Amino acid sequence: PTVAIAVGGAEDLAGNAMNASTEATFAIDMQNPEVTGLTVSDASINDAYVAAGTKLTVTVVYGEDMLDTSAPTFAFGSVASDTFALDVAASGWTDARTYVAVFDVADNSESFDDVSITVTGAEDGAGNVQTSYPKSGVLAIDTKNPTVTGVSVLDQLITDADTGAGKPCTGTVTCDEAMKDTAPSIAFSPDVSSTLTLVEAS
């Protein structure tokens, strides 16, 4: 608030009361600015997102006017330190209370369902530093490629007795994470495609 200094009540040596007056004002602002909202352009990031060169935009809104020469700092929880790299030239204040940060995204072969963002460091016009603002569950990232952990064949030796309809050779492929129902490609070395024909995959 603006504080006025009012002067009055004193007397001169003759006993005359002074004329009351307001000679000066000053302001007090010891309130730290606070973030009132944080949103991201995308809540899910995968290999295709990174390969396309898509940038992640984080928008932060404050409850009061901020110093436009003071940028906030962003910390992403869980992920590698270089997964999100701030594009300084593309980031900045869009108005007195809104800061938009743009990040390049790197593929660090990682998977996290609950990535948090903590915003710190911005100042208001009085130079008060904002209250730290952590927000969990902002986005999920999965740039980790699935890996085959095992391949097994039910019939270890295929003979003439195994040929013909209704006598399948069953193989099982196990991966380290849940997969879509799209069948993987399977190759044999040496090439026995004339002997084995894929009938069904599930």
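**Before you start.** The model is predicted: local features need pLDDT of at least 70, side-chain atom pairs count only at pLDDT 80 or more, and totals for chains, interfaces and linings use all residues. Residues are numbered from 1 along each chain as its sequence is written, and side-chain values use heavy atoms, without hydrogens and water.

**Stop 1: the sheet.** Select S4, S11, S10 and S6. These four strands form an open sheet in the order S4-S11-S10-S6, with mixed pairing. Strands are DSSP runs (E, at least two residues), numbered from the N terminus; two of them pair if DSSP finds at least two bridges between them. S4 (44–46) and S6 (73–76) stand at the edges, each with a single partner strand, so one side of each has no neighbour in the sheet.

**Stop 2: S6 beside S10.** Now show S10 (residues 111–120). Four bridges join S10 to S6, and the two run antiparallel. Find phenylalanine 76: its bridge partner in S10 is isoleucine 117.

**Stop 3: two rings.** Select phenylalanine 74 and phenylalanine 103. Their rings form an edge-to-face pair (centres within 6.5 Å, planes over 60 degrees apart), at 5.6 Å centre to centre and 85° between the planes. Phenylalanine 74 lies in S6 and phenylalanine 103 in S9 (residues 98–105), 29 residues apart.

**Stop 4: the cluster.** Together with Phe74 and Phe103, they form one aromatic cluster.

Note on methods:
Phe/Tyr/Trp six-rings, centres within 6.5 Å; stacked < 30°, edge-to-face > 60°.
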